[in-house]
Amino acid sequence: MNAFLVGHATHPDWRGALALAAAQVEARRAEHEASARGPLSLGFVYFTDHFAGDADALVAELRQRWPGVAWVGSVGVGVAAMGVEYIDEPALVLMLAALPAGRFEVFSGAKKLHRIEPFSALVHADPATPDLAELIGEMSDRVSSGYLFGGLASSRSGAVHVADGAWRGGLSGVAFAREVAIVSRVTQGSQPLGPVRRVTAAERNLVLALDGEPALPCLLRDIGLADLSEPRTALARLRATLVALADADAQMLGRGGQFGADTRVRHLVGLDPARDAVAVADLVEPGMSLGFCQRDVQAARRDLVRICAEIRDEVESAPSPALAAGDGPDAPAAGDDAASGGPRRIAGALYVSCSGRGGPHFGGPSAELQIVQHALSGGGPEVPLVGFFAAGEVARHHVYGYTGVLTVFTGHA
């Protein structure tokens with residue numbers, strides 16, 4: 001099974017953090033070189049925005065330390081490795097992988113894909129990029145599975161993303177050939193407050209009617225308000241309310257009445273009492289499903305454990321033969337070692353969570369990542385894992401909010 005080596009550290013200076021993290025990687029490298037079939041070839045780096053201004057120098061140092069390794073990653077207001085979260089402190093995390101040559105290709109605005117037939121892709125982007133949703137949709141169309149995973153850079157001092165260099169603006173990442181086996185899931189963190197409704201009239205981000213009724217009375221009824229006559233009470237209730245959206249052909253609710261993977265949660269940004277309308281932080285079209293909701297810690301914990309268990313079960317029960325052409329990216333694809341037989345295992349993992357989640361939301365420091373690490377490992381050895389807290393999470397061709405996107409790389413033990 002291909003090796004994934006992790007290092008992570010906090011330090012006031014990026015050079016100190018990198019030295020500490022690199023020492024951890026190198027300490028594991030001897031074991032890797034004794035058992036792996038190829039050299040380290042792809043690196044993932046995530047660093048907090050304390051180091052955003054040093055991104056160019058940081059990437060240059062990574063490339064000098066590990067010649068021949070391609071690098072991708074992003075800045076975040078928080079980063080994570082294994083069961084540890086570094087939020088609002090200077091830190092970086094690394095994961096180096098030994099993937100076969102010709103099975104992946106790094107891309108950016110200055111470097112287009114041309115060497116491989118892309119099946120899936122990890123993407124990072126500047127959230128301020130114009131027409132970002134369209135760019136992500138176009139990138140999804142370029143990979144044969146249609147499946148993207150990743151997130152938007154989050155920073156108070158410059159939204160930098162990495163693709164063999166530090167980039168500002170646009171989109172970058174790494175595409176994988178079909179032989180690189182992944183399993184990916186989206187976890188939601190919100191609880192529905194009322195029924196799923198159908199948008200029957202809308203103008204851009206303004207919802208005018210739901211199920212043929214004016215939208216504002218529907219909102220008030222779903223969150224338990226008779227009217228807006230008590231502004232203080234109403235404002236507190238409205239500030240806690242979010243809006244769940246799903247495309248006309250998608251199912252909003254999944255198992256247990258919780259939001260499914262095709263549901264995007266957005267802010268409620270305003271009311272228009274004169275038109276009995278509500279404003280949402282997204283474009284809304286007639287025919288879409290819409291539900292009002294609020295963040296819920298217990299629902300988020302349950303859903304996080306669920307997706308980890310689903311991923312682990314799917315990987316371990318997967319057959320060795322390659323997928324048929326019609327299979328989707330949420331099932332493991334056979335890698336180079338498919339013919340070797342034997343059970344499949346999780347080799348490494350990436351987790352992109354919303355900057356509004358993290359340990360504090362789940363009840364304590366590093367609580368979210370500890371849930372992921374424990375549930376994903378299933379009582380076995382710890383899974384090598386890194387990630388970051390994003391300004392928006394990417395899965396399939398959508399940008400989500402208040403979610404986590406967990407993706408694992410698999411191989412035979």
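Guide: Leu135, Gly169 and Gly170 are the contacts of Thr129 once its neighbours within four places in sequence are set aside; contact means heavy atoms within 4.5 Å. The model is predicted: local features need pLDDT of at least 70 and side-chain atom pairs count only at pLDDT 80 or more, whereas totals for chains, interfaces and linings use all residues. Residues are numbered from 1 along each chain as its sequence is written, and side-chain values use heavy atoms, with hydrogens and water left out.

Thr129 has a relative accessible area of 12%, so it is buried. The cut-offs are under 20% for buried and over 50% for exposed, with partly exposed in between, using a 1.4 Å probe and protein chains only. Its place is the loop between strand 8 and helix 3. Helices (H or I, at least four residues) and strands (E, at least two) are DSSP runs numbered from the N terminus.

Two strands count as paired if DSSP finds at least two bridges between them; strand 8 (residues 120-125) and strand 9 (residues 147-152) have six, in the parallel sense. Within that pair, Ala121 has Leu148 of strand 9 as its bridge partner.

Setting aside neighbours within four places in sequence, its contacts include Phe44, Tyr46, Val72, Phe107, Phe149, Val174, Phe176 and Leu350. Leu122 is also one of the residues that touch the most other members of the largest nonpolar core, which has 37 residues; Leu42, Phe44, Tyr46, Phe176, Leu350 and Val386 are the others. Strand 6 (residues 91-97) gives the largest share of this core, four residues. Another core, of 30 residues, lies apart from it and has Leu18, Ala21, Val75 and Ala166 among its members. A nonpolar core here is a set of buried Ala, Val, Leu, Ile, Met, Phe, Trp, Tyr and Cys residues joined through side-chain atoms within 4.5 Å.

A second open sheet, also of six strands with mixed pairing, has the order 5-4-23-22-26-13. Strand 5 (84-87) and strand 13 are its edges, pairing on one side only. Its neighbouring strands are turned by 15 degrees against each other on average, direction ignored. Strand 4 (residues 78-81) and strand 23 (residues 385-390) run antiparallel and are joined by four bridges, with Phe388 in strand 23 as the bridge partner of Val79. Helix 6 packs on this sheet, where it touches strand 13, strand 22 and strand 26, and its direction makes about 165 degrees with that of strand 13.

Helix 6 (residues 297-317) has 21 residues and should span 30 Å at 1.5 Å a residue, which agrees with the 30 Å between its end C-alpha atoms; the expected span is 1.5 Å times one less than the number of residues. Its buried residues include Ala299, Asp303, Leu304, Ile307, Ile311 and Val315. Among the elements covering the buried residues of helix 6 are strand 13 (182-187), strand 22 (344-354), helix 8 (367-377) and strand 26 (404-412). At the N-terminal end, Asp296 caps helix 6, with a side-chain oxygen 3.2 Å from the backbone nitrogen of Gln298.

Elsewhere, strand 16 (residues 206-210) is mostly covered, with five of its five residues buried. Four bridges join it to strand 15 (residues 197-203) in the antiparallel sense. These two strands form a hairpin with two residues between them, and Arg204 in the turn has a positive phi of about 55 degrees.

Methods: A polar contact is a pair of N or O atoms within 3.5 Å; within protein, one must be able to donate a hydrogen and the other to accept it, and residues adjacent in sequence count only if both atoms are side-chain atoms. Axes are lines fitted to C-alpha atoms, for helices over the stretch in contact, and angles run from 0 to 180 degrees between N-to-C directions.
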